[in-house]
Amino acid sequence: MAYVPNAPDEKERSYHYSLIWLSACGTLFWVANIFVGMDNMLSAIFFGAMVGGPAMAAFPNRTDEYFRSLCNVAMRWMCGALAIYLCILFLVVNGDLAHQAGSYLASGETGVRRSSALLATLDSRTLAIGLALAFHGGYAFAWAHDKIGSRP
Amino acid sequence: MNNRLRVLRAERNWSQAELATELEVSRQAVNAIETGKHDPSLGLAFRISRLFDMPIEQIFDDGHEAR
């Protein structure tokens, strides 16, 4: 077999399977932190840990195909969460628009404004944490599905 | 998909980690293939076939008869 410099060995490939759980811990910490509201060095470090999972899914060249298949499930969950959120925004924003148009047609008033969309708009940090949670939830689901369903 | 990977590995007294090293994947990937939880890509199936010096059909069985 040809020598490939810096090629990952079995240990390094297996290491990714552990590393993603550290990323999941970072995400869970931040989900809890939304309610607790800690603002210290620990929270900053956990934000760094949270990067791991999505980064490994985005740049998978040193991982193996089984890890990528688990990450595919994780990314589907993340996309699903984003789609649901965007769908909610679509409905709410259109509701606001319809309200304004309805007021204009009914009474001719142009100044009527309703901004329910603001209620459904998350700040970027909460949205990022929510998407990371969906990602790690999807990974955990795929991992548990394989573990529980494995034949002896 | 059913496969004979575990049997073939046991015949050679290889651990999952040793087989994983030969196939350039992780031990977890070998375990997932052996338990039928993950179907290998065509490239990996060929590597397995070459490693055991057997045709792919003799290692993997998709449950369909050849015509």
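Reader: Which residues does A:D146 touch, leaving out those up to four places away in sequence?
Author: A:D146 touches A:Y66, A:L70 and B:K37, where contact means heavy atoms within 4.5 Å. This is a predicted model, in which local features need pLDDT of at least 70, side-chain atom pairs count only at pLDDT 80 or more, and totals for chains, interfaces and linings use all residues. Residues are numbered from 1 along each chain as its sequence is written, chains are lettered from A and ligands numbered from 1 in the order in which they are written, and side-chain values use heavy atoms, with hydrogens and water left out.

Reader: Where is A:D146 placed?
Author: A:D146 lies in helix α5 of chain A, residues 124–149; helices are DSSP runs of H or I with at least four residues, numbered from the N terminus.

Reader: Which side chain of opposite charge is nearest to A:D146?
Author: That is B:K37, 5.1 Å away. A:D146 is buried but has no salt bridge. Buried means under 20% relative accessible area (1.4 Å probe, protein chains only), and a salt bridge needs a side-chain nitrogen of Lys or Arg within 4 Å of a carboxyl oxygen of Asp or Glu. Lys and Arg count as positive, Asp and Glu as negative; His and the chain ends are not counted.

Reader: Changing topic, at what angle do α1(A) and α3(A) pack?
Author: Helix α1 (residues 10–36) of chain A packs against helix α3 (residues 65–107) at about 25 degrees, with their axes 9 Å apart. Axes are lines fitted to C-alpha atoms, for helices over the stretch in contact, and angles run from 0 to 180 degrees between N-to-C directions.

Reader: Which residues make that contact?
Author: A:H16, A:Y17 and A:I20 of α1(A) meet A:Y66, A:F67, A:L70 and A:C71 of α3(A).

Terms used:
Helices (H or I, at least four residues) and strands (E, at least two) are DSSP runs, numbered from the N terminus. Buried means under 20% relative accessible area, exposed over 50%, partly exposed in between (1.4 Å probe, protein chains only).
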